[in-house]
Amino acid sequence: MEGIESLWDPGSRALLEELGVGDGRRCLEVGAGGGSLVEWMAERGAMVLAIDIDTRFIEPLASDAIEVRHVDIRTDPLPSGEFDVVHARLVLEHLTERRQILDRLVAALRPGGWLVIEDYDWTGFGFEDADPQFDHVTEAVFGLMQQAGFEPRYGRRVVADMAAAGLADVRGEGRALVIDSRSPGFDFFRLSFESVRDAVVDAGLLSREDADAAAARFAEDRRVLTPMMMAGIGRRTKPVGG
């Protein structure tokens with residue numbers, strides 16, 4: 001979690017700061033994870049509802065400014081028409097019901113409120129030197145994850161989905177980084193591979209030899225091109241119930 005936060009929090013904070021997250025603003029953080037953005041919002045004077053299906057890491061943050069709730073956004077109710085800003089990062093790409101969930105997040109906004117959705121487009125991910133074998137490994141991992149509903153290139157569709165949801169002033173931007181093995185983010189990608197390595201092999205999507213070769217590459221001092229973090233931003237104009 002710290003690796004993800006170190007990579008992407010600066011860009012997320014810049015987007016949210018531009019939208020006026022601060023004193024008196026009511027914010028919803030969806031999939032709050034380790035809570036770094038929740039803390040940052042509260043430090044700026046916002047009132048934050050932090051929700052996640054696993055609240056272990058954010059429960060210690062509960063305070064007068066931060067409310068923590070265990071919420072499954074696929075099924076559990078959300079407050080309606082309450083928030084000035086709703087933010088979700090690396091959440092919708094994992095959920096097959098992402099389009100319906102997006103409508104629910106829009107409904108949680110006050111008229112004039114802003115929705116910010118950030119998800120990956122993994123198209124450009126890989127080591128800095130072209131490696132077809134590693135590209136094959138990446139696609140095998142995605143193949144396994146897609147069986148559970150993961151969409152590795154949802155980031156390129158998020159802006160269109162937000163426009164289809166009826167938001168106004170919809171825009172998008174992307175950011176990617178080149179990191180080396182000393183970056184906390186590098187360990188995130190390495191450990192993510194290790195966590196699914198055996199399952200991918202057992203599913204017949206990857207040979208043991210190719211999996212071992214990929215693990216060896218992650219053990220080297222190399223640079224990685226991260227996936228593109230795509231952000232969609234849009235504003236609710238319809239009144240509550242409209």
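Lining of the cavity and pocket

Me: How do the residues of the lining of the largest cavity divide by nonpolar, polar and charged?
Reply: There are four nonpolar, one polar and three charged residues in that lining. Nonpolar means Ala, Val, Leu, Ile, Met, Phe, Trp, Tyr, Cys and Pro, charged means Asp, Glu, Lys and Arg, and polar the others, including Gly. The model is predicted, with local features needing pLDDT of at least 70, side-chain atom pairs pLDDT 80 or more, and totals for chains, interfaces and linings using all residues. Numbering runs from 1 along each chain as its sequence is written, and side-chain values use heavy atoms, without hydrogens and water.

Me: Which residues line the largest cavity?
Reply: Asp-131, Gln-133, Phe-134, Val-137, Asp-210, Ala-213, Ala-214 and Arg-217 form the lining. On a 1 Å grid over the protein atoms alone, a 1.4 Å probe fits in a cavity but cannot get out, and lining residues have an atom within 4 Å of a point.

Me: Which elements give two or more residues to the lining of the largest cavity?
Reply: Helix 4 (132-146) and helix 7 (208-218) do. Helix 7 gives the most, four residues. Helices (H or I, at least four residues) and strands (E, at least two) are DSSP runs numbered from the N terminus.

Me: And the largest pocket, what classes are in its lining?
Reply: Its lining holds 28 nonpolar, nine polar and nine charged residues. A pocket is an open set of points with protein on both sides within 12 Å along at least five of seven lines.
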